[in-house]
Amino acid sequence: MSRFQQNDADVVVVIGSGAGGGTMAHELTRRGLKVVMFEAGRRQTPASFSQNPGEAFGQLTWLEPRSQSGTWDPVKTSPTLPAWHCRTVGGTTVHWTAATPRLRRYEMRARTTYGDVPGTSLADWPIEYEELKRWYLVAEKRMCVTRRNGNPGMPASNNFKVMYTGARRLGYKRVHTNYLAINSRAQDGRGFCIQQGFCVQGCKTAAKWSTLYTEIPRAEATGKLDLRTECLVTRIEHDAAGKATGVVYRDAEGREQRQKARFICLAGNAIESARLLLLSESARFPHGLANSSDQVGRNYCHHLTGFVWGVFDQPVHSYRGATLAGVVEDENVHDPKRGFVGGYHLELCALDLPTLPLVGLRYGWGREFASVMDNYRNLAGMLVNGEDMPRPGNRITLSATIKDAHGLPAAHINCEEHENDIALRAHAQKQGQRIYEAAGAKRTILSATPPATHQMGTARMSRDPALGVTTPYGRTHDVPNLFISDGSVQTTAGAANPTLTIVSLVLRQADYIGREISAGRI
Amino acid sequence: MLPDAGTAVGRRQFVQGVTAVLTGVLGALNPLATLIPSRTWAVDLHALDPEQSAALLAMVHTIAPHDGLDDAAYALVVGAIDGDAVRSEETRSQLAAGLLGLGADFAKGSEALRVQRLQTVETSPFFQSVRIKTLMVLYGNPIAWAHFGYEGEAFSKGGYLLRGFNDLKWLPEVPPAAGGPMPV
């Protein structure tokens, strides 16, 4: 393992090791740059992933406290865990379910397509769809996405058979086993999916793409990566000219340390990335680093989600098999006749028995609640994933009440649901119910909004420095050697699970960084 | 003998000694009964007294009533909450006050009576913490997994690829274009 000096101002600092950071570390090291990557969590391996769902949750999840407010469900249903993402090497790519849809052309032109929706900060992306698509093709190849590049689709599971039957009976056409960054055949030095159904606990066969065992070991093999685990970056520092000079961090023993940097790629997940920028306030940047626009932390998007469960007379055993191996794509269109703007996916989903009552069902107890659990064998499941409206007031701020283990203010999340959000989710869950009824369900059950697993928008891209935090390449307008390399840069959320877009934007950003270095502009 | 659900005996617990014991016999039809040396089980408690543990056991049953689910699974929840009470004075006093408030006849009362009593305290931290712990422990142990038909991890058995992930026969098969081939 490489070790670089803390006063080596020639290294690149990457903050976070997930989809964004892990991919960026690989891209930079293979171009010959020295990288120090910080990860707040520990390093696991496929062998060390716990196969007990409760233990695995503790092993992988970002459990630092947060406060929250607003009208969205997690304030009531999940007060201490508004968002469910990872704190471990590989970040959220360790527990993700690997759905990799692309954004659609209309979604990248949200303001133009949807018009003026009062109460939102909708904007068009400053990137053309064709430009992003070029990088989707590269990312899909790298991640071995099913149904792309000649990779076969996943075989149909029991849970998918139910979804498929109902969806086709309703007239849906684009129904298949989803685009997944999971090997449907052995390739890339990794085996094929053996349908364990334990995607969320970490894939023990490594059939599912994760930076933990793809990008990061490849970066390490270059001899150019210094990965510092259990190290939490608490501040980005800058010089009198406003250029970033390095980071302050707490090491595994809680001691304060510093690392100098040539430039910095911030990929801490849209909640923590925004928090770190806000924590890095200074005389020059009194409202947070790179925040002259006052857009840092605002426009937080998380996707509109909710489970739909169908109870059948006969067994489904929905927990067997790749968790998200199924999708109905037909509603991922803009059709205002439905009563809202934007669209959604209906994605296959199952939960293990212990997780179902904690995440997948509405608050309840007694006979009504127990009767759902009693039907666990015969339960088919899906999850809505819809576009939520960006709003200036839906934002990450520094908590006034809660501090982290180092005494620094935790992230506070405020989330007010827009009427469009409510209408879209209601439509989507109704369609999910209709699918199960068409397949013969004797009962359907809707969940509340579970903790957010997709975090976006808190440092949005915009050509105009007054309206966004970064340029179309994720370079901050205010600090020329500071890049944002995660879902924070998404101008709007679309309805696509964000990881493929994050990886694609990072591949494109790394290419840009390479060109800027060659041109002497970094 | 039973899976540990947070009832690990610490030094402090030895000092305090056993305050109550929940015991029972696993039903002969319980799949676990064939796997373990004895069907009798016991959960030692170190904070709750017998009256409190009976009331708590009844409360857990009322929160998650599953006919046929072995009492051993419910006893594990009581054991886990007892463990929390040993570790935290605040939890202990919250529990004591909460259980007392349910009334002396709670444990032996009808389900309708228990539901009605719990509804009156539903918004209290006492009820909410017992409810959450019930969900976490009751559905997180192998007795419940066997009862509800959840087969758990499959990696050690080669996944569900050849063990039923696609064995559903009561609906038509999915055409190949919408699915994909079995991997080789």
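Analyst: Start with α2(B) and α3(B), which are oblique to each other. On this scale, angles under 35 degrees are roughly parallel, those over 145 roughly antiparallel, those from 65 to 115 roughly perpendicular, and the rest oblique. The model is a predicted one: local features need pLDDT of at least 70, side-chain atom pairs count only at pLDDT 80 or more, and totals for chains, interfaces and linings use all residues. Residues are numbered from 1 along each chain as its sequence is written, while chains are lettered from A and ligands numbered from 1 in the order in which they are written.

Helix α2 covers residues 50-63 of chain B, and helix α3 covers residues 71-87. Helices (H or I, at least four residues) and strands (E, at least two) are DSSP runs, numbered from the N terminus. The α2(B) and α3(B) axes lie 9 Å apart, at an angle of about 125°. Axes are lines fitted to C-alpha atoms, for helices over the stretch in contact, and angles run from 0 to 180 degrees between N-to-C directions. The crossing of α2(B) past α3(B) is right-handed. That means the near helix is turned clockwise from the far one; a left-handed crossing has it turned anticlockwise by less than a right angle.

Which residues touch? From α2(B) come S53(B), L56(B), L57(B), V60(B) and H61(B). They meet Y74(B), A75(B), V77(B), V78(B) and I81(B) of α3(B). Two residues are in contact if their C-beta atoms, placed from the backbone, lie within 7 Å. By class, this contact has eight nonpolar residues, two polar and no charged. Ala, Val, Leu, Ile, Met, Phe, Trp, Tyr, Cys and Pro count as nonpolar, Asp, Glu, Lys and Arg as charged, and the others, Gly among them, as polar.

Now the rest of chain B. It has seven helices and two strands. Their order from the N terminus is α-β-β-α-α-α-α-α-α. Chain B has 184 residues, and 38% of them count as buried. A residue is buried if 20 or more other C-beta atoms lie within 10 Å of its own, exposed if 12 or fewer, and partly exposed in between, with C-beta atoms placed from the backbone. Take the contacts in chain B between residues at least 6 apart in sequence: 73% join residues at least 24 apart.

Next, the partner chain. In all, 47 residues of chain A are in contact with 38 residues of chain B. On the chain A side, α6, β4, α9 (355-360) and α10 (367-374) each supply at least two residues. Helix α6(A) gives the largest share, six residues. The chain A side has 22 nonpolar, 17 polar and eight charged residues.

Follow α6(A) into its own chain. This helix, residues 158-169, lies across β4, β10 (304-311), β11, β12 and β13 (379-386) of chain A. It runs at about 65° to β13(A). Helix α11(A), residues 419-438, lies across β10, β12, β13 and β16 of chain A, at about 20° to β10(A). The axes of α6(A) and α11(A) come within 7 Å and cross at roughly 100°. The two are therefore roughly perpendicular. Here M163(A), G166(A), A167(A) and R169(A) of α6(A) meet I435(A), Y436(A) and A438(A) of α11(A). That contact divides into five nonpolar residues, one polar and one charged.

The strands under discussion belong to an open sheet of six in chain A, with the order β4-β11-β12-β13-β10-β16 and antiparallel pairing. Its edges are β4 (175-176) and β16 (443-446) of chain A; each has a single partner strand, so one side of each lacks a neighbour in the sheet. Two strands pair if DSSP finds at least two bridges between them. Strands β11 (327-328) and β12 (344-348) of chain A pair over two bridges. V327(A) stands opposite E347(A) in β12(A).

One more stop is N497(A), in the loop between β17 (482-484) and α12 (499-518) of chain A. Is N497(A) buried or exposed? It counts as buried because it has 24 C-beta neighbours inside 10 Å. Beyond its neighbours within four places in sequence, N497(A) touches A99(A), T100(A), P101(A), N385(A) and H454(A).
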